[in-house]
Amino acid sequence: MPNSVYDCIIIGGGAAGLYCAARLAKTFYSNKRFLIIEAGPRVGRKLALTGSGRCNLTNTDIDPDKYNTDDPDKLVSCLNRYGYTETSDFYENVLGVVLEKKGSLVYPSTYKSSTVVDALRFFISDHSVETELKERVESISEEKGIFEIRTGSGRTFLARNTVIATGGITYPSTGSTGDALRLLEQLTEEPQVIPFKPALTSLTSDISGIKALAGIRCRGEVKLLDGNGAVKDQSEGEILFTKEGGISGICVMDVSDTAVRLIDNGDTAVKAVLNLTGKSAGEIFQMICIRRQMYAHRTCADALSGMLLRSITEFVMKQMNLKCDKMTLRDLNDKQIAELSNLLCAFTVPVTGYGAADKAQVSSGGFRLSALDDNMQAVGLPGLYVIGEAVNCNGICGGYNLQWAWTSAALAAEGIARNV
Ligand SMILES: Cc1cc2nc3c(=O)[nH]c(=O)nc-3n(C[C@H](O)[C@H](O)[C@H](O)COP(=O)(O)OP(=O)(O)OC[C@H]3O[C@@H](n4cnc5c(N)ncnc54)[C@H](O)[C@@H]3O)c2cc1C
């Protein structure tokens, strides 16, 4: 076999591609020829944005139920074989990244995503993994066990094993433009793929006056209801009101995958029911009644300011046609307090749509997990591996998506190690 044939070419130098290269490098030191082909001017561009620049790289509680995939059983087996323990061991003891926990969320102790990108970058460079930057792979074919990979600049690369690690469709400015499906379609007439869609995204609404809350964050809960009023998903955490007049924040993003599916299946009456207090309506009723005794003379906005954000009191009372800066708390009767409490704890937002791919944090869809073997090798396409967001497996916020990138990459590296 000529020297110009790489043992493995990884297409895409994002989280999954870099980790796969690092795992291969750890196994083989510099004895084999590995190459990353990356479309962008540098590797790990999306990884550098993660966790608001702090990189929530995994979670001590990696629960398969927090993912959406076409093959939940295989996901369980993948995460059991390579999960939080194996990942944190590799980061701390091989890549030299000190980790720190915030609850179950795991970050580099520097709280800088560049620490993670650099650790991967330095390790693969130390082990002579080659990198071609600014080369977007346009086509791929296979003959007699050798893959021929061609880039937009007209260059051709040959490999015995190929890993598709091109990510999904979100934040396309980082280089992830959904190429996996196009490349896979070139290799088989029946690609086992599900179209990419945004997940972990915002939800839009045209509810009157909601834009006044733009930028406001509060801790609460969201329940997602379908058009028949059935609860289809729920989550708790931060709710953020967007400047476009919608809702986002961690708990809204966590239910957005379900919302996208309902909307795209033609449900025009999806609703998000927000608890803007994190408490029950009964508790809020009691709290307001106590304040009515203590601060009866104050305006509602002033009297409630110790327990509610002023803009939220104003917005919710406006829905009741009441002016919170004109009425005193003694003006509110029990019935009105009960209505206010109910609204604060179950505010219904009709969902008109969802944030596009450029605003979403992760994609659903990709190569079916059920069409990959236990080492992420495409069934019927020996030597071809698919990892990371290019696979139909997406999780909620909290380090689950990067954990999938590390898990799938490590399992692919294990499979490739048997083939080279
Ligand atoms: C703002 C933001 C914050 C996030 N925060 C977190 C977080 O804190 N925790 C968490 O778990 N997840 C987080 N995620 C999700 C996480 O970043 C992704 O799930 C993860 O990066 C996916 O890794 P990947 O390697 O599969 O894809 P990517 O990281 O998208 O990498 C794909 C790479 O392939 C390259 N590429 C694409 N097509 C080609 C081609 N044809 N030829 C050559 N190269 C190509 C791209 O340029 C890119 O570098 C966040 C996402 C975003 C957008």
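A residue counts as buried if 20 or more other C-beta atoms lie within 10 Å of its own, as exposed if 12 or fewer do, and as partly exposed in between, with C-beta atoms placed from the backbone. At least three residues of the core come from each of domain 1 (5–198 + 363–419) and domain 2 (202–355). Leaving aside residues up to four places away in sequence, Ile-387 touches Ala-16, Cys-20, Val-163, Ala-165, Met-376, Ser-408, Ala-409 and Ala-412; two residues are in contact if their C-beta atoms, placed from the backbone, lie within 7 Å.

The model is a predicted one, in which local features need pLDDT of at least 70 and side-chain atom pairs count only at pLDDT 80 or more, whereas totals for chains, interfaces and linings use all residues. Residues are numbered from 1 along each chain as its sequence is written.

### Overall organisation

The protein has twelve helices and 21 strands, and along its principal axes the C-alpha trace spans about 85 × 45 × 40 Å. Of its 420 residues, 48% are buried. Among contacts between residues at least 6 apart in sequence, 75% join residues at least 24 apart.

The chain is divided into domain 1 (5–198 + 363–419) and domain 2 (202–355), with bounds that come from an automatic or database domain assignment. The C-alpha centres of the two domains lie 39 Å apart, and seven residues of domain 1 are in contact with eight residues of domain 2. On the side of domain 1 that touches domain 2, the residues divide into three nonpolar, three polar and one charged; Ala, Val, Leu, Ile, Met, Phe, Trp, Tyr, Cys and Pro count as nonpolar, Asp, Glu, Lys and Arg as charged, and the others, Gly among them, as polar.

Seven strands form an open antiparallel sheet in the order 17-16-13-14-15-12-18, two strands being taken as paired if DSSP finds at least two bridges between them. Strand 17 (347–350) and strand 18 (353–354) stand at the edges of this sheet with a single partner strand each, so one side of each is left without a neighbour in the sheet. Another open sheet, of three strands, has the order 3-6-5 and antiparallel pairing. Its edges are strand 3 (58–59) and strand 5 (99–102), each with a single partner strand, so one side of each lacks a neighbour in the sheet.

| Strand pair | Bridges | Opposite residues |
|---|---|---|
| Strand 5 and strand 6 (105–108) | four | Glu-100 and Tyr-107 |

Strand 8 and strand 9 form a hairpin with two residues between them, and Lys-144 in the turn has a positive phi of about 50 degrees.

### Helix 10 and its cover

The buried residues of helix 10 (residues 310–319) are Ile-312, Thr-313, Phe-315, Val-316 and Met-317. Their cover includes strand 13, helix 9 (300–303), helix 11 (334–345) and strand 17. Just after helix 10, Asn-321 takes a positive phi of about 60 degrees.

Of the 41 residues around the ligand, Gly-12, Gly-14, Gly-167, Gly-175 and Gly-388 come nearest; a residue is near a molecule if its C-beta atom, placed from the backbone, lies within 6 Å of it. Helix 1 (15–28), helix 2 (50–53) and helix 12 are the elements that give two or more residues to this shell, and helix 12 gives the most, with four residues. By class, the shell has 16 nonpolar, 19 polar and six charged residues.

Pro-172 is found in the loop between strand 10 (156–164) and helix 6 (179–187), and Pro-172 is partly exposed because 13 other C-beta atoms lie within 10 Å. Not counting residues up to four places away in sequence, Pro-172 touches Thr-177, Ala-357 and Asp-358. The C-alpha atoms of Pro-172 and Asp-358 are separated by 6.3 Å, although these residues are 186 residues apart along the chain.
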